[in-house]
Amino acid sequence: MAKFIIQGGKPLKGEIGVSGSKNAALKIFPVALLTEETIRVSNAPEIEDVFRAQEMFAALGGEIKKIKPGVFDIKFKNQKCFDLPENLVNKFRASIMFVGPMLVKCGKVNFPHPGGCVIGAGTRPIDMFLDGFQKMGAKIEILRRDSGQDYYHLTAKRIKGAEIFFPKITVTGTESLMITAILAEGETVLKNCAMEPEIVALAEFLNGIGAKISGAGTPTIRIKGVKKLRGGEYKIIPDRIETGTFAMLAAASNSGEITIKNAEPNHLEALWSLFDRIKVNYVLYKDRIKISPAKKIFAVDATTHEYPGFATDLQPPYTVLMTQAEGKSLIHETIYDRRLIFTDLLSQMGADVVLCDPHRAVINGPTKLSGRKLVSPDLRAGAALVMAALIANGKTEIDNIYQIERGYEKIDERLRKIGADIKRVD
Ligand code: EPU
């Protein structure tokens, strides 16, 4: 298994670029099932999760033509109507996004429970997706296998518009039902929707190729069914989680001026509001953020929340940042109940962390961190461990970096450009 070897404590300075958003890129492949015309995707991150989405797309009969790095054409001509390949569904949560379009195009779809980061109790549930598909006319059969895993059989003679209220805000759930409704008969109204920028970007693209979606970015989205979609170009928005992670690395390292390029600062207002209170020295430009060393940074409590609140995906790097801040901070993780477990690894590196319960941790700072041998538990915690290793004294080895490379393109190369001593070994 590949690992990172990091010599911590090197001063970091210079410019670092942000890739296209992972969570935006993943969703364009299922969307492409809905049109026979070509979609040109640009600014796509070259990461493991996107490769898995491409493999799923190809397995279902899609064609992918690479134009240059980050740019490719995708097209569906001969849709294959069979079960979603189990080995791929098991690997990434966003595989669930293929279910709606398969139902629309094939009238049936079979698939096992999707995989993804282990950050919630048991497997992450899909009840709200199933409920939505049912309201849109699908018949659902669930088989429990001997292994305990659920296997789903969905059939639908036709998909029709429906009024659906999400009991809990769900990002992929909102996107999934939004795209399923595009070619449905009649109007669909989705209520209590997620409002993430990736959803707005997807809806704007879809409207550009013939969909009739209004209200994306608000709690109520209306979709009027249309007969056909065209092709078009989908330019993927900058990854806001990567942007925020680099910004927090700059603030935690506090060793030199770092400029984060190709970013969309407007998507991170919750983080900037925390930075104001922590007293991070930062300036926002149209597509860049400049972070300069501060005299001292201060501990500030943070609570994760659906967008536009403070993103759960930014909680692990924020927790690392707080180990370097003066005072006591309470981190309240409200979305997932396994996303604070990685703080045990920070304690092993010398951080003063009290894990009160699965949702709350208290950090006492500042503390010096020291290098350790670690295993990356999941994507965002893995990135946070890289950050901790870069500011720690001594050498850290991080194993299982597949988990990190699922979401961050050539992270070692980019960090080396700002002065990090990080090596990737196979
Ligand atoms: N939930 C249910 N039932 C459902 C769906 C979700 O109970 O049918 C619960 C989840 O268990 C969780 C909450 O609702 O407690 C929110 O989950 P959500 O559905 O919003 O998460 P997601 O759509 O599966 C996306 C991102 C995650 C990010 C979350 C929250 C993608 C592919 N994933 O997940 O990204 O953490 O939204 O913002 O878009 C990551 O990139 O590392 C990552 C995990």
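## The second largest pocket

The second largest pocket has a volume of about 440 Å³, where a pocket is, on a 1 Å grid over the protein atoms alone, an open set of points at which a 1.4 Å probe fits, with protein on both sides within 12 Å along at least five of seven lines. Grid points are joined across faces, edges and corners, and a volume is the space filled by probe spheres set on the points. The lining holds 23 residues, and those closest to the centre of the second largest pocket are Val-18, Ser-19, Gly-20, Asn-43 and Asn-262; a lining residue has an atom within 4 Å of a point.

This is a predicted model, in which local features need pLDDT of at least 70 and side-chain atom pairs count only at pLDDT 80 or more, while totals for chains, interfaces and linings use all residues. Residues are numbered from 1 along each chain as its sequence is written, and side-chain values use heavy atoms, with hydrogens and water left out.

Helix H15 (residues 411-417) gives the most to the lining of the second largest pocket, namely three residues; helices (H or I, at least four residues) and strands (E, at least two) are DSSP runs, numbered from the N terminus. By class, this lining has eight nonpolar, six polar and nine charged residues, with Ala, Val, Leu, Ile, Met, Phe, Trp, Tyr, Cys and Pro counted as nonpolar, Asp, Glu, Lys and Arg as charged, and the others, Gly among them, as polar. Domain 1 (3-19 + 238-425) and domain 2 (22-235) each provide at least three residues of the lining of the second largest pocket, the domain bounds coming from an automatic or database domain assignment.

## Around the ligand

The ligand is surrounded by 24 residues, of which the closest are Asp-127, Thr-170, Thr-172, Asp-313 and Arg-380; a residue counts here if one of its heavy atoms lies within 4 Å of the ligand. Polar contacts, which are pairs of N or O atoms within 3.5 Å, include one of 2.8 Å between a polar side-chain atom of Lys-27 and an oxygen atom of the ligand. A polar backbone atom of Pro-125 is 3.4 Å from an oxygen atom of the ligand, and an N or O atom in the side chain of Tyr-336 is 3.2 Å from an oxygen atom of the ligand. On its own the ligand has 830 Å² of accessible area, and the protein covers 91% of this, with areas taken from the Shrake-Rupley method with a 1.4 Å probe.

Two or more residues of the shell around the ligand come from each of helix H1 (22-25), helix H6 (127-135), helix H7 (171-180) and helix H13 (379-391), and H6 gives the largest share, three residues. The shell has eleven nonpolar, four polar and nine charged residues, and at least three residues come from each of domain 1 and domain 2.

The largest cavity holds about 80 Å³ of space, and its lining includes Thr-245, Phe-246, Met-387 and Tyr-408. H13 supplies the largest share of this lining, four residues, and ten of the lining residues are nonpolar, one is polar and none is charged.

The second largest cavity has a volume of about 70 Å³, and among the residues that line it are Arg-240, His-267, Tyr-307 and Pro-308. Helix H10 (residues 269-278) gives the most to this lining, with three residues.

## Backbone features

Most residues other than glycine have a negative phi, and most peptide bonds are trans. The peptide bond from Tyr-307 to Pro-308 is cis, with omega near 10°, and Pro-308 is found in the loop between strand E17 (302-303) and helix H11 (315-322). The bond from Gly-365 to Pro-366 is also cis, with omega near -5°, and Pro-366 sits in the loop between strand E20 (360-365) and strand E21 (373-375).

Asn-192, a residue other than glycine, has a positive phi, near 60°, and its place is in the loop between strand E10 (187-191) and helix H8 (197-208).

Definitions and conventions
A polar contact is a pair of N or O atoms within 3.5 Å; within protein, one must be able to donate a hydrogen and the other to accept it, and residues adjacent in sequence count only if both atoms are side-chain atoms.
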